[in-house]
Amino acid sequence: MPAETFEFQVEARQLLQMMIHSIYSNKDVFLRELVSNASDALDKLRLESLRDNDLRADVSDLHIDIEIDKEQRTLTVRDNGIGMSHDEVVQLIGTIANSGTAKFLRELKGAKDAAASEELIGQFGVGFYASFMVADEVTLLTRRAGETSGTRWESNGEGTYTVDEVDDAPQGTAVTLRLKPADTEDQLFDYTSGWKIREIVKRYSDFITWPIRMAAEDNGAADEGEEGEKTPAGPETINSMKALWARSKDEVTEAEYSELYKHISHDWTDPLETVRMQAEGTFEYQALLFVPSHASPDLFTQGHKRGVQLYVKRVFVMDDCEALMPEYLRFVKGVVDAQDLSLNVSREILQQDRQIQLMHRRLVKKVLSTVKDMMSANPERYATLWKEFGRVLKEGLLSDYENRDALLGISSFASTHDEERQTTLQEYVGRMKEGQQHIFFMTGESRSAIETSPHMEAFAAKGFEVLLLTDPVDEVWVQSVPEFDGKQLQSIAKGEVDLDTDEEKKEVEAEREKQQQDFAALLGWMTKELAESVKEVRLSSRLTVSPACIVSDTHDVTPALENMYRAMGQDVPQIKRILELNPTHPLVAALREAHGEERAEAGLAEAAELLHGMAILADGGELSDPARFVKLMAGRLERTL
């Protein structure tokens, strides 16, 4: 079949151009990316051969070859792993299946200097595309295990690539780079140099469990043939293949841990924290886990892969083993090596395995205790972790009842106590006023929206600290976490608020009773007039400046949560709110006076409706009939001019 020509996906083409004209200084990582892909292909083939006895594939000597041709200036990375079919080549190489790509490209264009651009490239990771940093042309030859024909892919990265069928392709994948000329000023080294390739492999890929082979260096010691001609020395393995998790902590450097993390996660930045764990006894396993220094672009997308790699006696068994890590720790990467599991274990079996469940519990507790230690030992590192993964960790408050107290202990929240620094619940409790029984909080879209909310007025006036919860998940978890350290969590936008001390209550008791009597008729009339929209109209003890506010009943879901349920397609019945009036506000006092004088009913009804609409808008809500509200407001303004 003749070669087919395809155009790169727009995002792929943009990313390729960035690689071709890359300002990324550490171009050596292209080899790490290719070796890492080759290692993954070998893992997949060995796993597939265990699952499929009919797979026609040679798994007797799985390895990676690196070949150099100095004359042609080419470098080839070859594996005899799972390989790719024609469709997989087009799908995986011609497009970038990463939902964060567009966002990454926008951020990269907005980066103000080379250092910022380099950091962004490092965070995103570009895998196979990194080859174009060092090569003018890339050729990929592959044949999927079990298939008879292979596929060749070629491109110079300029916008198109060709794909054609090859009859005699070996099993696996070979990537051949036609290298650019060396340019030391641009950190572009001579990658046809054997010592340079060995140095890169040793630095980045020494721990890979498959042998990486390369022709021995010609140092004059090659064997002589029958007629005295020298024959090239055989290939040598250039990586140690030592599993870092099986070595003692003293034998491994932080740099080696970082490279293992980068291999596992395909991240280009160092991990924020390394977590080691070893369990001995009836069930032995070793774990080496990593907390990334930044959230991946797809962390909150549905297709995000989670879980850690599972090995059995240093043999790779499963990638993204979900049974070992809960959903809310999906950002944790790493390796768990068990001694007593079957090599041919399935995901379904793992979900039910008692030993796996025990490992799951211990790993979770170890990660959470590590974060707890980080809070006191390294507050800056903890602040980074919470900024990147706090939203995810709070999901555990909904799903992990066993570790809820531990999660609450490591959580931080914005607060009215400090505009810059977040606070823990323990710190909040330590600052509570004498006699205060509740931890006050309010949910909202932003800090500024909450701080300017009418609900905050009395709390600000009396100096009560309020937690400001602005993440969407906050709307949900506060419904299921009743208390912390014996103190109940209370939304300041729900139920009735009582902030007065016993002495203050005595001082204002008579005044409150008089207000209740004076406003009783107005409250009854407004409750009836607004019956379709509100559950009750009552006087407020939380307002000091605003005329009115909307309040949810103690056990009602919030309007924001109601909207979230509807957005997910759930049928939520309309929940009527409570309208609270500020009896000291001139507008409310005038409304009471007008009602007492029995002025025109229509005008009063319009005023009540406008007051209710203003309260909804002040709360960040949406009016059921914005056009009517504007019409009423315009009419009122017209009559005042």
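**View 1. The β12–β13 hairpin and its turn.** In this predicted model, β12 and β13 make a hairpin with 5 residues between them. Look in the turn for Gly-281, whose phi is positive at about 120 degrees. The two strands, residues 273-279 for β12 and residues 285-291 for β13, run antiparallel and are joined by 7 bridges. Strands here are DSSP runs of E with at least two residues, helices are runs of H or I with at least four, and both are numbered from the N terminus; two strands pair if DSSP finds at least two bridges between them.

View 2. (Buried is under 20% relative accessible area, exposed is over 50%, and partly exposed is in between, with a 1.4 Å probe and protein chains only.)

**View 3. Helix α17 crossing helix α19.** The axes of α17 (residues 502-529) and α19 (residues 586-596) come within 9 Å and cross at roughly 85 degrees. That makes the two helices roughly perpendicular to each other, a label that covers 65 to 115 degrees, with under 35 being roughly parallel, over 145 roughly antiparallel and the rest oblique. On the α17 side, the contact (heavy atoms within 4.5 Å) uses Asp-518, Phe-519, Ala-521, Leu-522, Trp-525 and Met-526; α19 brings Val-588, Leu-591, Arg-592 and His-595. These residues split into 7 nonpolar, 1 polar and 2 charged.

**View 4. Two loop residues with positive phi.** Arg-73 isn't a glycine, yet its phi is positive at about 50 degrees. You'll find Arg-73 in the loop between β2 (64-69) and β3 (74-79), partly exposed with a relative accessible area of 25%. Asp-485, also not a glycine, has a positive phi of about 55 degrees. Asp-485 sits in the loop between β21 (483-484) and β22 (487-491) and is partly exposed at 47% relative accessibility.

**Notes for every view.** Residues are numbered from 1 along each chain as its sequence is written, and side-chain values use heavy atoms, leaving out hydrogens and water. Local features need pLDDT of at least 70 and side-chain atom pairs count only at pLDDT 80 or more, while totals for chains, interfaces and linings use all residues.

Terms used. Axes fitted to C-alpha atoms, helices over the stretch in contact; angles between N-to-C directions. Nonpolar A, V, L, I, M, F, W, Y, C, P; charged D, E, K, R; others polar.
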